[in-house]
Amino acid sequence: MQGTQSRRTNANLAKEPKFSHSTDIPQQDPSDFAKFVRMIQAVNLQPLDNELPSHFADRLGVLYAKTVTTQHKKDNGQFFTPTEIAHFMARLVRPTKGKLKILDPGCGTAILSSSLIETIILRGDAIKEIELVVYETDIDILPYTQATLDYLEKWLQGKKVGFKATLDTNDFVLENKDCFEQTSTLFYEPKNAIYDIVISNPPYFKIGKDDKRAVVAKSIVWGQPNIYSIFLMTAAKLLKNGGELVFIIPRSFAAGNYFRAFREAFFSEVEIEQVHLFNSRTDTFNRDNVLQETLILKGKKQKLNGHLPNILLTHSNGVSDLDKPTEKEYQANELIDFNTKEKILHLPSNETEDKVIKLFKSWSGSLHKYDMQISTGPVVSFRATEYLYEQYENGTKVLVPLYQLINTGKMTFEYPVFKKGKPQYIQFCEETKPLLLPNKNYIFLRRFSAKDDKSRLVAAPYFVDISQAEFIGVENHLNYIYRPKGHLARNEILGLAALLNSKLFDTYFRTFNGNINVSATELREMPLPPLEDIKEIGNQIILTNNFSQSVVDELVNDYFDLEHIFAYEQN
């Protein structure tokens with residue numbers, strides 16, 4: 001279906017734009033233009049004298065937010081961009097031609113595209129014509145979007161800049177699905193790569209793997225994707241070679257299995273030029289009470305071809321100090337290991353994290369090299385309910401231990417822990433045999449942490465003599481490290497668990513992990529010190545017989561002489 005659009009030009013102003021929607025996603029029936037006009041009049045969406053387009057769009061966003069529920073914004077993945085952030089993002093773009101085609105997918109009230117155009121014009125860039133395409137599927141916000149576009153056109157007329165705006169109410173990804181069916185090369189630009197600039201604050205929410213948008217973007221999807229990564233990849237494909245993109249997005253794409261295919265594809269098409277990090281979760285989208293860790297990503301459509309560009313990493317606490325960010329430049333391979341299949345993006349936020357990354361890069365060990373593996377617990381509680389028991393029953397059924405999050409802590413393992421809804425036993429029978437593990441030495445790691453936990457990594461040493469059972473159950477909220485052919489030695493378990501629980505490893509982990517998930521894939525790829533070092537740390541813990549976190553950190557810090565690394569935090 002051809003996207004129905006509102007088109008306005010200086011030469012030929014369309015008086016009655018019409019709105020329609022693709023049938024690919026659920027939509028409300030659109031109202032006619034007269035109703036939109038009445039709605040605009042009803043809420044008095046009129047600019048103030050000499051008001052900048054971005055300020056008008058921001059004011060409209062505030063007005064709109066008062067008309068809808070928090071649940072409505074959540075369902076649409078809407079987090080409205082503060083003016084300060086919009087202006088910061090706009091200043092990152094440096095167009096080099098006099099005629100621009102700009103895309104703003106998921107535009108809301110179009111504050112980002114307004115800020116961008118306004119910044120370019122007021123900066124004195126020699127721009128004569130601008131074509132703007134914005135996408136928005138929330139029918140409730142369309143009158144506000146249209147009001148912004150109308151005023152932006154009027155403002156540009158006063159600057160003698162030609163302007164044409166298209167408001168497309170179809171789904172952005174489905175409308176541009178063809179770009180995933182074409183393979184671009186350095187010498188071939190797909191026919192739909194037509195934009196000079198893409199700027200966006202895309203929606204953030206997870207979609208099912210059978211969602212039509214996930215199916216369209218199947219080449220970059222694994223597991224349950226988040227819609228923002230599909231928006232970002234679609235935008236990258238729609239850029240001309242040399243085109244610029246600026247997105248504000250969660251930092252969860254930097255690591256993890258769900259985004260691995262995305263990272264592989266995105267880094268092959270886009271050269272990252274700048275990443276801005278916010279130290280505060282709450283200050284970025286303070287109007288919406290967002291706790292998501294976000295970043296601003298600036299990139300250019302360009303094949304690497306062996307060339308390693310520099311990446312500027314900037315930081316601010318939040319919005320209040322956005323105009324005074326700290327800066328440091330890195331070579332791309334210092335932040336991205338292009339030689340691995342994971343393509344994890346490290347984002348150090350201070351000198352301490354910088355030094356920690358360098359230390360880890362100096363290590364060549366890994367779980368695989370030490371004949372160890374990490375897997376996820378195979379027992380999914382809601383699928384095995386009939387075989388789970390909260391209390392031990394001595395009868396005709398054979399029960400074996402079931403280990404869960406509540407049994408694990410930093411360097412501690414407690415069993416049983418009786419808590420309602422947290423079964424501690426699983427039946428041993430033909431149906432559960434595929435779910436059970438042989439009882440031997442393991443390290444258990446929590447797969448999830450609370451947002452406010454001081455540490456993301458929680459590792460518990462487990463020894464075979466804790467239970468007399470031949471088999472054990474491990475719930476799928478735990479990962480477990482083991483030696484497939486043989487046993488982990490006691491000093492290996494204690495040494496590796498101590499490292500995983502240490503401030504050193506937590507600091508490294510946070511440089512690429514921006515969410516509460518701790519995936520087996522991330523840990524499988526993590527560099528490790530020599531195995532003899534791990535064993536020696538384990539031996540020292542055995543001698544002290546003290547598993548407290550303070551002792552663990554002291555042992556690790558002393559062993560690797562980390563005083564110079566963490567000294568930065570004490571200043």
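## Basis

The model is predicted: local features need pLDDT of at least 70, side-chain atom pairs count only at pLDDT 80 or more, and totals for chains, interfaces and linings use all residues. Residues are numbered from 1 along each chain as its sequence is written, and side-chain values use heavy atoms, with hydrogens and water left out.

Helices (H or I, at least four residues) and strands (E, at least two) are DSSP runs numbered from the N terminus.

## Sheet and packed helix

β18 (residues 442-446) pairs with β19 in the antiparallel sense over 4 bridges, and Y442 stands opposite Y462 in β19. Axes here are lines fitted to C-alpha atoms, for helices over the stretch in contact, and angles run from 0 to 180 degrees between N-to-C directions.

## Helix pair α2 and α6

Two packed helices are described by the angle and the distance between their axes. The axes of α2 (residues 53-65) and α6 (residues 142-158) come within 10 Å and cross at roughly 165°. The two helices are therefore roughly antiparallel to each other (under 35 degrees is roughly parallel, over 145 roughly antiparallel, 65 to 115 roughly perpendicular, the rest oblique).

On the α2 side the contact comprises P53, F56, A57, L60, L63 and Y64, which meet Y144, A147, T148, Y151, L152 and W155 in α6. These residues divide into 11 nonpolar, 1 polar and no charged. Ala, Val, Leu, Ile, Met, Phe, Trp, Tyr, Cys and Pro count as nonpolar, Asp, Glu, Lys and Arg as charged, and the others, Gly among them, as polar.

## Backbone features

The peptide bond from Y415 to P416 is cis, with omega near -5°. P416 lies in the loop between β15 (412-413) and β16 (425-427).

K160, not a glycine, has a positive phi of about 60° and sits in the loop between α6 and β4 (162-168). K160 counts as exposed at 73% relative accessibility (buried is under 20% relative accessible area, exposed over 50%, partly exposed in between; 1.4 Å probe, protein chains only). N545, also other than glycine, has a positive phi near 55°. The loop between α16 (531-544) and α17 (549-559) holds N545, which is exposed with a relative accessible area of 64%.

Note on methods: Two strands pair if DSSP finds at least two bridges between them. Contact means heavy atoms within 4.5 Å.
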